[in-house]
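This report is intended for a reader who is meeting the structure for the first time. It treats aromatic pairs, then the surroundings of a ligand, and finally cavities.

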Amino acid sequence: MGNFPRFGRGRRLTSPNATRVEAAVPYTNSEAGAQTRAVDRCGAMKRVASSHSIDDFGEDLDSFVTLSSFILTASTTCPSLAAKGHIKKEEETDLCILLQSVATSCKYIQNCVRKLGLANLSGKTQDLTTNVQGEQQMKLDVIAHDVFARGLDESKRCTMLVSEEEEDAIMCATSPHGRYVCVFDPLDGSSNIDCCVSVGSIFGVYRAKTLGVGDINDVLVPGKEMVAAGYCMYGSACTMVLTVGGNVRGFTLDPSLGEFVLTHPKIKCPPSGATYSVNEGNSRYWSAGMKRYVDHVKYDKESPHSLRYIGSMVADVHRTLLYGGTFSYPGDSKSPNGKLRILYECFPMAYIMERAGGAASDGTQRILDIVPTSIHQRHPIHMGSEEDVEEIDRFHREAEMEGK
Ligand code: AHG
Ligand code: MN
Ligand code: MN
């Protein structure tokens, strides 16, 4: 892996026209020249053939949809969104270029994850750096940040970036196409990276209020104002889950093509589930509402819910999204705001969960209605099956009414 000069480090830019660090050695990422097929014009996304490796190309091209072809035709495949103005025709290409940049960064990061021990990428940074949260940075936290930030900056479609790994917002070079602000957690679950447990990248996209001008107020708005959100999980498969405001779609990286291929045309979170996901090691600090909910699913249900907790938000949420149940990182007496950052962890995941028919709250209010006051602010979160999240809220409300 190339040694990148740090991207963003020292670029505590206060105004968009401040000078830029020279773009470092560009990383190459030769994407296989995979053919992409226009999405079925009537907008129906046919289920991708079960196997779609290169030798199936001639089999059933019409159902072979890649991330590239999807985002290039988002306004036709999501006509209701175009009609609502959620995806404006003139913006579509810019959003496509931004998402392509994210996809390329995710491919690069998954490559690093796969080669971790072989390429001496495991472990903490040499100089034991910490991020703004005071958390020890892993080598891959830093590389993932640089790859994401450089790719988005060079896409020329962003005015500003907010990264978990950078204290201040990064103002991108002024561009007439700078329509968006991207917030991201470049490597989520990084404490798990050395033991090969699934990790991922999380991102959210806002529309900049002023074309080409970065402004911190563009992201100090309710999470529901995002125009797109997604995550990429580096697990047994490399899976990108994405919504541009409508249905939630899953794309799986086909290493033989270097393309993300549509494998989940319309992800729906089951209305209820049989698992709960929370770090029970913190239960002594929990509120009465949280304790009551967990006792309820353990002792009151016909059969107890199963506890599933990986410790990588992306992996825990991906399982909850597909199988149902709940994922929680509650506030407690030790950490009243919990651990997860609202802007680049809670909001994108809540945005995806809601569009898949699930729900996300903090026990008292909808996550996506919250207005952040700072870019690294933490916030408690419960998300997953709509009925189960409603149950969590009920236990929190009852406990609060009793003054507990
Ligand atoms: P990150 O690696 O980006 O700092 O995120 C780690 C987060 C999240 O992925 C996970 O849900 C949570 O940390 C687990 O925290 P605990 O170890 O306290 O349970
Ligand atoms: Mn994270
Ligand atoms: Mn992270």
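In this predicted model, a search of the whole structure finds 3 aromatic pairs. One of them joins phenylalanine 70 and phenylalanine 251: the ring centres lie 5.8 Å apart and the planes meet at 40°, so the pair is tilted.

Attention now turns to ligand 1. It is surrounded by 18 residues, of which Asp188, Gly189, Tyr309, Met313 and Tyr329 are the closest. By class, this shell comprises 6 nonpolar, 5 polar and 7 charged residues.

| Residue | Polar atom of the residue | Distance to an oxygen atom of ligand 1 |
|---|---|---|
| Glycine 189 | Backbone | 2.8 Å |
| Asparagine 279 | Side chain | 3.0 Å |
| Tyrosine 309 | Side chain | 2.6 Å |

On its own, ligand 1 has 470 Å² of accessible area, and the protein covers 86% of it. Two or more residues of the shell come from each of strand 3 (180–188) and strand 11 (326–329). Strand 3 gives the most to the shell, with 3 residues.

The last topic is the cavities. How many cavities of 30 Å³ or more does the structure hold? There are 2 of them. The second largest cavity has a volume of about 40 Å³. Its lining is formed by His86, Ile87, Lys88, Glu91, Leu95, Tyr180, Arg207, Val227 and Val244. These lining residues divide into 5 nonpolar, 1 polar and 3 charged.

How values were computed
Residues are numbered from 1 along each chain as its sequence is written. Chains are lettered from A and ligands numbered from 1 in the order in which they are written. This is a predicted model: local features need pLDDT of at least 70, side-chain atom pairs count only at pLDDT 80 or more; totals for chains, interfaces and linings use all residues. Side-chain values use heavy atoms; hydrogens and water are left out. A residue is near a molecule or strand if one of its heavy atoms lies within 4 Å of it. A polar contact is a pair of N or O atoms within 3.5 Å; within protein, one must be able to donate a hydrogen and the other to accept it, and residues adjacent in sequence count only if both atoms are side-chain atoms. Accessible areas come from the Shrake-Rupley method with a 1.4 Å probe; for residues, only the protein chains shown count as cover. Helices (H or I, at least four residues) and strands (E, at least two) are DSSP runs, numbered from the N terminus. Ala, Val, Leu, Ile, Met, Phe, Trp, Tyr, Cys and Pro count as nonpolar, Asp, Glu, Lys and Arg as charged, and the others, Gly among them, as polar. On a 1 Å grid over the protein atoms alone, a cavity is a set of points where a 1.4 Å probe fits but cannot get out, and a pocket is an open set with protein on both sides within 12 Å along at least five of seven lines; lining residues have an atom within 4 Å of a point. Grid points are joined across faces, edges and corners, and a volume is the space filled by probe spheres set on the points. Rings of Phe, Tyr and Trp (its six-membered ring) pair if their centres lie within 6.5 Å; planes under 30 degrees apart count as stacked, over 60 as edge-to-face and the rest as tilted.
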